[in-house]
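Good morning, everyone. Please have a look at the sequence and the structure first.

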Amino acid sequence: MPRHALNVAIAERLIEAAGLLDQQGADRAPVKAYARAAETVADHGRDVAALGFDALVVLLGETAAAAVAEMARGGRWPFLDRLRGESDPHALFRTVPGVGAQMA
């Protein structure tokens, strides 16, 4: 099966979200759901952006389908941005080695 570039990019973001959630001690269910969705999206034979929302829900479940639809539509996923700390500049600076809360 061919791998579509958009599918791979979306899958990478889903994996990143799963990893960040895991690092933050989130419940295992969303971590596993995003990881499974990433695998499904990466391996899907069609471009997921071409699928309708209902088809994505059947394929991935509602939460992951909403995330994929948002990324396919606008290229960004605000949930991942929040996990990365991009919505909080202080949190983002604290992720830099050697920069603590006071310096940020």
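Helices are DSSP runs of H or I with at least four residues, strands are runs of E with at least two, and both are numbered from the N terminus.

Two remarks on where the values come from. This is a predicted model, in which local features need pLDDT of at least 70 and side-chain atom pairs count only at pLDDT 80 or more, while totals for chains, interfaces and linings use all residues. Residues are numbered from 1 along each chain as its sequence is written, and side-chain values use heavy atoms, with hydrogens and water left out.

Now the overall picture. The protein chain has six helices and zero strands, so to speak α-α-α-α-α-α when read from the N terminus. Of its 104 residues, 31% count as buried, where buried means under 20% relative accessible area, exposed means over 50%, and partly exposed lies in between, with a 1.4 Å probe and protein chains only. Among contacts with a separation of 6 or more, 53% join residues 24 or more positions apart.

Next, the packing. Two packed helices are described by the angle between their axes and the distance between the axes. The axes are lines fitted to C-alpha atoms, for helices over the stretch in contact, and the angles run from 0 to 180 degrees between N-to-C directions.

Take α1, residues 5-23, and α2, residues 28-43: they pack at about 165°, with axes 8 Å apart. That makes α1 roughly antiparallel to α2. The cut-offs are under 35 degrees for roughly parallel, over 145 for roughly antiparallel, 65 to 115 for roughly perpendicular, and oblique for the rest. The crossing of α1 and α2 is left-handed, meaning that the near helix is turned anticlockwise from the far one by less than a right angle; clockwise would be right-handed.

Which residues of α1 and α2 meet? From α1 come N7, I10, A11, L14, I15, A18, L21 and D22, and from α2 come R28, P30, V31, Y34, A35, A37, A38, V41 and A42. By class, this contact of α1 with α2 has 14 nonpolar, one polar and two charged residues. Nonpolar here covers Ala, Val, Leu, Ile, Met, Phe, Trp, Tyr, Cys and Pro; charged covers Asp, Glu, Lys and Arg; the others, Gly among them, are polar.

α1 also packs on α4, residues 62-74, where the axes come within 10 Å and cross at roughly 130°. That makes α1 oblique to α4. The contact is made by L6, I10, R13 and L14 of α1 and A67, V68, M71 and A72 of α4. It divides into seven nonpolar, no polar and one charged residue.

Last, two single residues. A42 and L6 are 36 residues apart in sequence and 8.7 Å apart in space, C-alpha to C-alpha. A5, in α1, counts as exposed because its relative accessibility is 65%.

Definitions and conventions
Contact means heavy atoms within 4.5 Å.
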